[in-house]
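Subject: Structure handover

Hello,

Here is the structure for your files. Please open it first, then read my notes below.

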Amino acid sequence: MTSARPICATVSANALQHNLNVVKQHAPHSQVMAVVKANAYGHGLLQTAQALHQADAFAVLGLNEAIDLREAGIEQRILLLEGVFDARELPIAAAYQIDIAVHHAEQVKMLANATLAKPINVHLKMNTGMNRLGFAPQAFKAAYEQLSGLEQVSEIILMTHFATADETNGIESALSIFQTHTQGLDHAKSLANSASILMQPDSHADWVRPGIMLYGATPVSTQSATSFDLQPAMQLTSEIISVQTLAKGESVGYGARFTADKPMKIGIVACGYADGYPRHAGQLHDGDMLAGVPIAVHGQRTQTVGRVSMDMLACDLTHIPDAQIGSPVELWGNTIPVDEVAHACGTIGYELLCALAPRVRFQFSDL
Ligand SMILES: *Cc1c(COP(=O)(O)O)cnc(C)c1O
């Protein structure tokens, strides 16, 4: 028998599809490359790709992920967002018809020296100010010309990635650099991540590359996912496995970091940091544990108390008289947006979703 430990991540194929439609409403003239790196932001690579079968392409990081998608029958374009890390990956990528990013002169060299059964599509990346990957704007045309002379290269798509797309006027300068240095190059362009799709209509171009918005979390810290009509794709649920009664002055958890200032009913939830729940939850205020993290029991909002341990956390049930052992708990999902949990922990929804641990049971609904 598999473990009946109650923690479970349920992913809704309907929500993923709804969010893909939100992308299409915002960028109706662009093809959509669904970003499914990091195990589809923790949602499960293959099933997420299956749910998003109406996307025009998929993007991942590792060649192994791209091959998994191909072997699962995905026929759309698949892009390696950082290209190959080693020349030995090139013939394999070519054999599986996987597109590669080229962001550095070293990668052009690898391509020029490669023997490939079929030519490969290249997404040539310009550094427009993020300063992580990409050719300097001044070096872009030369890289383009080198690539377009190679028999190893088939289609070339022009690509960049914005650092501040979530800010008003956040891409003006980067976009103008990109346009200046791609002038006269008659190729498809790929610029926009989720924040750009939602906030920067000028950036949509031929391809858009949504990640986080497909999963129903916000890319913009000042605006909620619901304000963009996005639906949470993942619901992380568990159950109360123990109930404690604290008298005034008693504490709960390691380090006794929460002390009751009145009689309290406390629920112990089967979810801890080994499941991917952030251990620093609620410790933002200098160890002052009064600021808990939102959590729902029986659909009612309450908050965590005390330190999160490896396998458990505690929450306040004082105002939820019906709560008992077996009561359903939502860590994040429809009642508690993952972005709210993230905010209370000083991080972003992206990190919490990606950090979900393999030991959490996983199921897809509506697929
Ligand atoms: C991860 C990634 C994306 C998706 O970003 P979101 O903010 O999740 O939409 C798009 N483009 C590139 C190059 C990426 O690495």
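How far is an oxygen atom of the ligand from an N or O atom in the side chain of Ser 194? The distance is 2.5 Å. That is a polar contact (a pair of N or O atoms within 3.5 Å; within protein, one must be able to donate a hydrogen and the other to accept it, and residues adjacent in sequence count only if both atoms are side-chain atoms). The protein buries 92% of the 390 Å² that the ligand exposes when taken alone. Accessible areas come from the Shrake-Rupley method with a 1.4 Å probe; for residues, only the protein chains shown count as cover.

Ground rules before the rest. This is a predicted model, where local features need pLDDT of at least 70 and side-chain atom pairs count only at pLDDT 80 or more, while totals for chains, interfaces and linings use all residues. Residues are numbered from 1 along each chain as its sequence is written, and side-chain values use heavy atoms, with hydrogens and water left out.

Ligand site

Around the ligand are 13 residues, and those that come nearest are Lys 37, Tyr 41, Ser 194, Ile 212 and Tyr 350. Near means that a heavy atom of the residue lies within 4 Å. Tyr 41 places a polar side-chain atom 2.5 Å from a ligand oxygen. Ile 212 uses its backbone instead: an N or O atom there lies 2.8 Å from an oxygen atom of the ligand. The shell has seven nonpolar, four polar and two charged residues. Here Ala, Val, Leu, Ile, Met, Phe, Trp, Tyr, Cys and Pro count as nonpolar, Asp, Glu, Lys and Arg as charged, and the others, Gly among them, as polar.

Barrel

Eight strands form a closed barrel with parallel pairing, in the order β2-β3-β4-β5-β6-β7-β8-β9. Two strands pair if DSSP finds at least two bridges between them. Helices (H or I, at least four residues) and strands (E, at least two) are DSSP runs, numbered from the N terminus. Strands β3 (residues 57-60) and β4 (residues 77-80) run parallel and are joined by four bridges. Phe 58 has Ile 78 in β4 as its bridge partner. From β4, Arg 77 and Leu 79 point one way, Ile 78 and Leu 80 the other way, and all are buried. Buried means under 20% relative accessible area, exposed over 50%, partly exposed in between (1.4 Å probe, protein chains only).

Two residues

Met 159 sits in strand β7 (residues 153-159). Met 159 is buried, because its relative accessible area is 1%. Its contacts (heavy atoms within 4.5 Å), leaving aside neighbours within four places in sequence, include Leu 79, His 123, Phe 178 and Arg 209.

Asn 39 belongs to helix α2 (residues 37-42). Its relative accessible area is 39%, so Asn 39 counts as partly exposed. Not counting residues up to four places away in sequence, Asn 39 touches Gly 44, Leu 45 and Glu 65. The Asn 39 side chain reaches the backbone nitrogen of Leu 45 at 2.9 Å.

Whole chain

The chain has eleven helices and 18 strands. Of its 367 residues, 54% count as buried. The C-alpha atoms fill a box of roughly 75 × 50 × 35 Å along the principal axes. Among contacts with a separation of 6 or more, 65% join residues 24 or more positions apart. The accessible surface is about 16200 Å², with 49% belonging to carbon and sulfur atoms.

Best regards
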